[in-house]
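Please look over the model below before reading on.

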Amino acid sequence: MQYRSFGSTGEKISALGFGAMRLPMTPDGNNVDEKKAIPVIQRAYELGVTYFDTAPYYCENESEIVLGKAIKPWRDNILLSTKCDIDDADGAHYRQRLETSLRKLDVGHIDFYHMWGINWKTYEEFIIAPGGPLDEARKAKQEGLIRHISFSFHDTPEALTRLIDSGHFESMTVQYNLLDRANEQAIHHAHEKGLGVVIMGPVGGGRLAGFSPEISRMVPGGIKSNPAIALRFVLSHPGVSCAISGMSTIEMVEENVATASREEPLSEKERVQMMAVLDETRRLSDLYCTGCDYCMPCPNDVNIPKNFEYMNYYRVYGLKEYAQQAYADLGVKDTEWVKGLKAEFCTQCGECEPKCPQHISIMDQLEEVVRVLGGAE
Ligand code: SF4
Ligand code: SF4
């Protein structure tokens, strides 16, 4: 396993982190299957993983409990991370949530306690309010209940840069992968400012799980699997200390550890070549849609850029299966970050097209999305 400096925290961290969000579940899906889950976590530790990340709601609220049981024998040898919802400016709520996590994990302290999925609005309205989450976090740090104040994040790269510059945080967990490089510069910036950087979704939330010949061609000599190259790509960013992968089997742990143990995740030549191909594919994607949102909102609630983004996974990266699944879930499995409806709800009212700076024939393109991702082709 490779170990890297973790910003200015003074910690060393394994390049691969264990994400406890996909622990094996019982057949009814209601509980973590502890008999299977604990050996997976144990194997990661044996192979040198030292960063273990969880959150209160993962795995039907049981992830923290099971992770706590698994790490008990070697708790002091690892770095433990969990997260706190920030939905108001009440410091007492932060404290309650911290105490609940400490109890569920059955530990005396948390090493990296994240303000969970924050954005600039949350920061301004809630986090820095007097007596709010930040004041409470500092108090908890003085008491030794948490060792480092961290955040995870879903907002624009500009907002991310401002959060880094606030000087309040010691590490951050952000999205970055082959398909979504929006935070690339902000990660450099965080590194320069001394924040430890952890990457979530190094394999694109499952998008890169299948094999894509387009991605294979990005690396000289080709590759055996997308997840391996996706992980190597993320770890070759000089600002990244650790990539967390949600692992549910011992085989996955062993495969990821082998990838993260490479001395040099990508050679300079390989990274340069990949960046060139990625920039080219980015340009190709932008021909279809840059995701600028100017065409929105649609009176029928069609999420136009999201439909086109899924279409790009198919036409640019050849990830048809993933694109079809993502399309099937759109408007069905609403998440905080993905809202709106599928292309098939477009009534061809024409309101969006004049607003598109790329002059995309949105209505025709949406029809194609329905045909291809809706399964007619
Ligand atoms: S043409 Fe379709 S996508 Fe565009 S605004 Fe009208 S309903 Fe929405
Ligand atoms: S305005 Fe055009 S480029 Fe921008 S999101 Fe809409 S379709 Fe895409």
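This is a predicted model: local features need pLDDT of at least 70, side-chain atom pairs count only at pLDDT 80 or more; totals for chains, interfaces and linings use all residues.

Reader: Is strand β6 largely enclosed or open, and how many of its residues are buried?

Author: Helices (H or I, at least four residues) and strands (E, at least two) are DSSP runs, numbered from the N terminus. Buried means under 20% relative accessible area, exposed over 50% and partly exposed in between (1.4 Å probe, protein chains only). Strand β6 covers residues 110-118 and is largely enclosed by the rest of the structure, because the buried residues number nine of the nine.

Reader: Which residue of β7 stands opposite His114?

Author: Strands pair if DSSP finds at least two bridges between them. β6 and β7 (residues 146-153) are parallel and share six bridges. Opposite His114 stands Ser150.

Reader: How many residues apart in sequence are the parts tied together by Tyr45 and Trp74?

Author: Rings of Phe, Tyr and Trp (its six-membered ring) pair if their centres lie within 6.5 Å; planes under 30 degrees apart count as stacked, over 60 as edge-to-face and the rest as tilted. Tyr45 and Trp74 are stacked, at 3.9 Å centre to centre and 0 degrees between the planes. Tyr45 belongs to helix α1 (residues 34-46) and Trp74 to the loop between α3 (63-71) and β5, so the pair ties together parts that are apart in sequence by 29 residues.

Definitions and conventions. Residues are numbered from 1 along each chain as its sequence is written. Chains are lettered from A and ligands numbered from 1 in the order in which they are written. Side-chain values use heavy atoms; hydrogens and water are left out.
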